[in-house]
Amino acid sequence: MSEAQQGTGSIGRRLTLYLAIVAALLSLMSWGMVAGFARQAAEETQDNVLAAAVTAIAETLRSEQGELRLELPYSAFSMLGAISEDRVFYRVTANSALLTGYADLPVATDPNTRAGEVSFATQPYRGEDLRMATLSRRILAGNQPTLVIVTVGQTREGIAAIALDLSRQAGLLSIAFFLVAVLLSFFAARTSLRPLNEIAGAVSRRGPSDLRPLRRPAPDELAPLIAALNRFMDRLGQSIRRSEEFIVEAAHRVRTPLATVRVQADLALRNVSGEAERNRLRQMIRAIDESSRSAGQLLDHATVAFRADDLLRDHISLKILATQTATTMTPTASIKDINIDLKAEDITVAGDAVLLDTALRNILDNAIKYSPEDTTISISVEAKGDYGYITVRDQGKGLGDDPAEVLTQRFKRGRNTENIVGSGLGLTIAADVLAAHGGHLQLSNNKEGKGTCASLVLPLL
Amino acid sequence: MRLACLTLALSLWISPATAFEPEDFLRIEGTSDRVLRILSTADLDVFIPYLEAFHRANPSLDLEYTVASSSDLHREISSGAIYDVAISSAMDLQFQLANDGLTQRYRSPMTQSLPDWATWRDVIFAFTTEPAVVLVSTEYFEGLSIPQSRQDLIEVLRDNPTRFAGSIGTYDVRDSGLGYLFATQEARATDAYWRLSEVMGRLNPTLYCCSSQMIEDVMSGKLALAYNVLGSYVAERLADQSEGRVQILRMTDFSNVILRTALIPSTAQNPNDAGAFIDALLSIALRDGADGWPLPPLNDTSPAASSAGFGPIRIGPALMVYLDPLNRRNFLAEWENAIVQQ
């Protein structure tokens, strides 16, 4: 499927990556926003508490016998202590004179703030940033109108720690969110690519000559691909059919005149008396035989290719098939004084009788061809397990050292076949026929003594 | 046994430039020239076991232990005197030192293991929980029931003025930082405080600067009742030795629990050993149960402490409220009205 394909990376991985990048950006954004909100909320809380404290202090202000009285309320300070562990400073002034508190506390007076309104400021004090709330109030002490300014400041360290803690939690949450999103992206990418993989699987599962159009439900995006694939397969099929038709036509056209030439050559052989001429004619007849045999095998091969596309599934008795084929081959065998010995069980398989006959004929033809004169070829038909075996044993030279797969390739011949005519198509045809039937061809050297053992293996009904 | 208390009838804010005179001093020689200077409100006889234990673990270190009143301690540290550790039971003054930035941070696994209420910003570390108790001499209460709450106490004292006249002792809150802390916290927590003060004031009470003298006077029979004594193991041990003549009472309506705290002043010249010393105190403080140390542990689980069910005073800015000179002036005026009754 992916052999030596120059890939541009996986769509699934790319899709997952893009979705993960989106998730990362969203996580980062949500983290930033939550952290910002947390910080803002913590600071607002502090401002509110500071405002409450400063208001509570200002409300205790009263004038008694012309004297300004102030009592710091306990609650004002305890609520400041409740929100965080931060340092607290305060200052109360009356007409710019210190009433109580920290004299050096900076007071940021906002000119826009009216009396009775709390204003906020952040200023450094004693080495730390101080958030301060200031409230001014006018009060009559005796006959003197007095401007009292109350300031309460609190460091921001605890608030910052709270905000940091919240932001850390938001960060962890964002990371978890991101991981879940990546996982989901991975599944989403896989799920959306599944139809593609299914189609690829369906195409790659097909037999080598299955060029039927692909008919399966597919997402809209894949429909053009399938249509293109089907058009391509259709063109390929037509092209293959055309070349096969051409081969059949060519084989026919060669075979028919060859038969005439053969008859004429035979006649000529009988009438010619000179030994040199007779030899020349014999060589001619041999070449003619070889050509007509090759043409026949080309025809067989084309037939196999045709019929395997749409295989017949007739019930066929292997015994009858083997008997018939052996009978048709007997004349050829007897030329070399070769005896064909048949032992058959009655076994039935489903298949195309013409193709199976072609396969067996090619195997027998090979056996006769490679057998020395005055030997026996034995054919046995038997069932072993789920398979039926037609085994042909000869007493020839055997296979040599070549592996069986090489011998069944088209136009490949063994290395010990010098001086023997042959196209190299016989075993290919037999192997193709058996493969079309769901079986296979077994080739081995004969166990007892020399010779070849070829088995046509077919699944039983 | 101890030096006379310094009488400092002055507020913290308008202190004269008097030279600081330690109440007591101890030096334990070490083998090196490194010195750890400790300023503390705890009496020597209470604290010697802690110093000796630390000296055994760090024999090379010179230990200088200075005893001072809580207000002296606060003033010394505020004015930049050089000490490595300051230990005080006056939580409010300790807190103010921390709030004003006169302390150093210290973090160690030991300080991390403290409960939240026992530490503040890694600068204050509590190592004891000590309740305020009432010490009574049972001889004076013959024929009367021993009071369990402030209401009981008010009734007993009001109904028997002749028996108790002149034999009531309590802190002079004008002198004692701890007494002031007890009084202000109690005034805030229960309105019985002012009524009790009124009743005690009519009985011409004796005013003390320190717990130890009050305990002595109850033991000797000079006092019938000492109100708001710092209940340490010393008081418990003495009461045990009195064969029932002296009892320790914890008021069931409300009872203050203070934290004795240690801190490292920013002037400290040996903060590393100061940290080690604080770790040593905390490891004793976090021990299980009471086992021979003069001061109670931090997680006081003794029946007396747990039955009362009052948590310790919280370390926080609220402690500064009564240190404010205006508030202090108001409170002392009210207190004098009630107790002194000239």
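User: In this predicted model, in which hand of crossing does α6(A) pass α7(A)?

Analyst: The model is predicted, and its helix α6 (residues 318–335) of chain A has an axis that comes within 10 Å of the axis of helix α7 (residues 353–370) of chain A. Where α6(A) passes α7(A), the crossing is right-handed.

User: Are α6(A) and α7(A) parallel, perpendicular or oblique to each other?

Analyst: Two packed helices are described by the angle between their axes and by the distance between those axes. Here the axes of α6(A) and α7(A) cross at roughly 40°. Angles under 35 degrees would count as roughly parallel, and 65 to 115 as roughly perpendicular, and therefore α6(A) and α7(A) are oblique.

User: How many residues of the contact of α6(A) with α7(A) are nonpolar?

Analyst: From α6(A), the residues that take part include A:Leu321, A:Ala322 and A:Met329, and among those they meet in α7(A) are A:Leu356, A:Leu360 and A:Ile368. The contact also has 2 polar and 2 charged residues, while the number of nonpolar residues is 9.

User: Which residue is the bridge partner of A:Ile139 in β7(A)?

Analyst: Strand β6 (residues 128–141) of chain A pairs with strand β7 (residues 144–155) of chain A in the antiparallel sense, over 12 bridges. In β7(A), the bridge partner of A:Ile139 is A:Thr146.

User: Which helix of chain B gives the largest share of the side that touches chain A?

Analyst: Across the two chains, 16 residues of chain B are in contact with 14 residues of chain A. The residues on the side of chain B divide into 7 nonpolar, 5 polar and 4 charged. The largest share of this side, 4 residues, comes from residues 325–340 of chain B, which form helix α13.

User: How many residues of helix α3 (residues 91–99) of chain B are buried?

Analyst: Among the buried residues of α3(B) are B:Met91, B:Leu93, B:Phe95 and B:Asn99. The helix is mostly covered, and of its 9 residues the number buried is 8.

Notes: Residues are numbered from 1 along each chain as its sequence is written. Chains are lettered from A and ligands numbered from 1 in the order in which they are written. This is a predicted model: local features need pLDDT of at least 70, side-chain atom pairs count only at pLDDT 80 or more; totals for chains, interfaces and linings use all residues. Two residues are in contact if their C-beta atoms, placed from the backbone, lie within 7 Å. Helices (H or I, at least four residues) and strands (E, at least two) are DSSP runs, numbered from the N terminus. Ala, Val, Leu, Ile, Met, Phe, Trp, Tyr, Cys and Pro count as nonpolar, Asp, Glu, Lys and Arg as charged, and the others, Gly among them, as polar. A residue is buried if 20 or more other C-beta atoms lie within 10 Å of its own, exposed if 12 or fewer, and partly exposed in between; C-beta atoms are placed from the backbone. Axes are lines fitted to C-alpha atoms, for helices over the stretch in contact, and angles run from 0 to 180 degrees between N-to-C directions. Angles under 35 degrees count as roughly parallel, over 145 as roughly antiparallel, 65 to 115 as roughly perpendicular and the rest as oblique. A crossing is left-handed if the near helix is turned anticlockwise from the far one by less than a right angle, and right-handed if clockwise. Two strands pair if DSSP finds at least two bridges between them.
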